[in-house]
There are 2 protein chains.
Amino acid sequence: MNDVEIQDYPKTGRFLAGRLRSALDVGQKQRIEELIAETRTLANDETIIHAGETCDVSTILIEGFMLRTIEEEGERHAVSFHVPGDFVDMHCFALKRLDHNIQAVGTATIGLAPHDKIRDIMATDPDLARLFWFGTLLDAAMHREWIVKLGKLRAAPRIAHILAEISRRLDMVGLGDSGGFDTPLRQRDIADTCGITVIHANRAIKKLRELDLADVVRGRVNIPDRKRLEAYAKFHPQYLYGDSSELMRDRLG
Amino acid sequence: MNDVEIQDYPKTGRFLAGRLRSALDVGQKQRIEELIAETRTLANDETIIHAGETCDVSTILIEGFMLRTIEEEGERHAVSFHVPGDFVDMHCFALKRLDHNIQAVGTATIGLAPHDKIRDIMATDPDLARLFWFGTLLDAAMHREWIVKLGKLRAAPRIAHILAEISRRLDMVGLGDSGGFDTPLRQRDIADTCGITVIHANRAIKKLRELDLADVVRGRVNIPDRKRLEAYAKFHPQYLYGDSSELMRDRLG
DNA sequence: CGGTCAGTTGATGCCCATCAAAACCTGTGG
DNA sequence: CCACAGGTTTTGATGGGCATCAACTGACCG
């Protein structure tokens, strides 16, 4: 991942960066870039898709953060979060309707890919089809890891895990920032993601601060030593299927 | 779903039954059936794929139950369970290696689909390609629902949710049994799935028994009134994307 | 009839939800 | 520049859920 990718492909240059993107040729990258018919800017908390709606475009997150949330009995549960480069609702192409909402956290910029263009790709480039598929399966892999962590970890390490994962994923798409990252995530969002109350999230964050593992302040997360944070969170990045993993040497085809 | 499907397609007749299967034509069903190069019988607890292994076949569960598990620090965590008709590791085709194990619970019969045959389908029938994709996205949808339930529900309703889901999924593939279902699931498996200890699982099961919601005995789960069980578990089947949902009327293409 | 494994029960302490309230930011308009 | 309002972060007190350690029962099997 380098800046050239973003110059050449300003809307989709981060898509699967650090993962299978390196297996794509120029023509394929160009074709993905041309998928994006339109870009939009989202306001804080704006929801682009509501659970149950059918859709005929898919959305790539270009800049900012987003959450997938499910409402139940008036409570919001966040099932996953997204960083730039994520095709946040590619699965909508195959599912036709979604079981959850997708909303911006802070302001965000998105690109829209009409499904008929994706259908063209499915019919003419099986390798790209498989790449899109791969992208949606990464979400499933992250869901699985999170299920394990929810069963295994208490509040503070859960939060540490979220922070460690965001940090790693930002790295993969070329937005790494040693020492932490800027984010509009609120304690409310962290609580909704970890399945705990805001109040308890606050105490757990305080604990991380006291342990000098992570400092969450408005708009910024400081991480003095990511290795220590990852150890505390029992974070093992294999499930992100990154390039750097020795196990991921074999590629498309 | 009816018995004719299983007579005509003994190995894959339950695949996506109750969901998009009804959108397939005879040629497509035949093509899926012919994917299965070989069948095998698995012993109790036998693991067919270990985390990290690459693979060049995918597996459909023909008879019995299976679990996806992730080991961490000697503890087994189950991230999902499977019923007949599930293509348990179709995602292995696009991911190449898996982040988890897949193992039988009790004895099970599976069918093996070589990846080169799947690749042929990807290249020649985009509708079937999309169907396979859809199948893997169902897993992701179930993962999301489970993440919400882990955040929202305590032990007893979690277990109730598992039981309700199994019951519904058996219905969809034509194995419904009003009053409950036979299963080799042990309390250990339920505990590993719910992220609780066996001891606490036992107490929660006792509670379900006392509430007359479900009776889990060796090899059998009795459900006197599924509606009541589902209400207690806050089970809402939309995430299973079943045919019966009004929202699912639109199909492939 | 002893061994093994699944299921069951009791006692203790920590984690987290809940109710309540205060301190703090941030943007707004006077 | 200050006052104010609304949302975010912080702290305290109380109770319930679950993990943990320990022990016992019952079923199946050689």
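**Note on a predicted two-chain model**

1. The model is predicted. Gly64(A) sits in strand 3 of chain A. Its relative accessible area is 17%, so Gly64(A) counts as buried, the cut-off being under 20%.

2. Next, the contact between the chains. Chain B brings 51 residues into contact with 51 residues of chain A. Together the two chains bury about 5000 Å², and carbon and sulfur atoms account for 63% of that area. On the chain B side, the greatest losses of area to chain A fall on Arg97(B), Trp133(B) and Arg144(B), which together make up 17% of what that side buries.

3. Ten salt bridges are counted between chain B and chain A. There are also 25 residue pairs in polar contact between chain B and chain A, with both residues at pLDDT 80 or more. Strand 3, strand 4 (75-82), helix 3, helix 4 (115-124) and helix 5 of chain B each give two or more residues to the side that touches chain A. Helix 5 of chain B supplies the largest share of that side, 20 residues.

4. Which residues does His143(B) contact, its neighbours within four places in sequence left aside? From chain A they are Ala140(A), His143(A), Arg144(A) and Ile147(A); from chain B they are Arg68(B), Val79(B) and Ser80(B). His143(B) belongs to helix 5 (residues 126-152) of chain B. Its relative accessibility is 1%, so His143(B) is buried.

5. Glu72(A) and Lys149(B) form another salt bridge, with 2.6 Å between the closest N and O atoms. This pair joins two chains, because Glu72(A) lies in strand 3 of chain A and Lys149(B) in helix 5 of chain B. Are the two partners buried or exposed? Glu72(A) is buried, at 7% relative accessibility. Lys149(B) is buried as well, at 0%.

6. Compare the bridge from Glu73(B) to Lys234(A), where the closest N and O atoms are 3.2 Å apart. It too crosses between chains: Glu73(B) is in the loop between strand 3 and strand 4 of chain B, and Lys234(A) is in the segment after helix 9 (226-233) of chain A. Glu73(B) is exposed, at 54% relative accessibility. Lys234(A) is partly exposed, at 26%.

7. Within chain A, Arg169(A) and Asp86(A) meet through their side chains in a salt bridge of 2.7 Å, N to O. Arg169(A) is in helix 6 (residues 155-172) and Asp86(A) in the loop between strand 4 (75-82) and helix 3, so the bridge ties together parts 83 residues apart in sequence. Arg169(A) is buried, with a relative accessible area of 4%. Asp86(A) is buried, with 10%. Over all chains the salt bridges number 44.

8. On to the cysteines. Two disulfides are counted over all chains. In chain A, Cys55(A) is joined to Cys92(A), with an S to S distance of 1.6 Å. Cys55(A) is in the loop between strand 2 (47-49) and strand 3 (57-72), Cys92(A) is in helix 3 (residues 91-95), and the two are 37 residues apart. Both Cys55(A) and Cys92(A) are buried. In chain B, Cys55(B) and Cys92(B) form a disulfide, again with 1.6 Å between the sulfur atoms. Cys55(B) and Cys92(B) are both buried.

9. Cys194(A) is buried, with a relative accessible area of 0%. Cys194(B) is buried, also with 0%.

10. Last, the core. The largest nonpolar core has 170 residues, and Ile159(A) and Ile159(B) touch the most other members. Residues up to four places away in sequence aside, Ile159(A) touches Ile190(A), Cys194(A), Ile196(A), Ala201(A), Ala204(A), Ile205(A) and Leu208(A). In soluble globular proteins, nonpolar side chains tend to be buried together.

Note on methods: Residues are numbered from 1 along each chain as its sequence is written. Chains are lettered from A and ligands numbered from 1 in the order in which they are written. This is a predicted model: local features need pLDDT of at least 70, side-chain atom pairs count only at pLDDT 80 or more; totals for chains, interfaces and linings use all residues. Side-chain values use heavy atoms; hydrogens and water are left out. Helices (H or I, at least four residues) and strands (E, at least two) are DSSP runs, numbered from the N terminus. Buried means under 20% relative accessible area, exposed over 50%, partly exposed in between (1.4 Å probe, protein chains only). Contact means heavy atoms within 4.5 Å. A nonpolar core is a set of buried Ala, Val, Leu, Ile, Met, Phe, Trp, Tyr and Cys residues joined through side-chain atoms within 4.5 Å. A disulfide is a pair of cysteine sulfur atoms within 2.5 Å. Buried area is the accessible area (1.4 Å probe) that two parts lose on being put together, summed over both. A salt bridge is a side-chain nitrogen of Lys or Arg within 4 Å of a carboxyl oxygen of Asp or Glu. A polar contact is a pair of N or O atoms within 3.5 Å; within protein, one must be able to donate a hydrogen and the other to accept it, and residues adjacent in sequence count only if both atoms are side-chain atoms.
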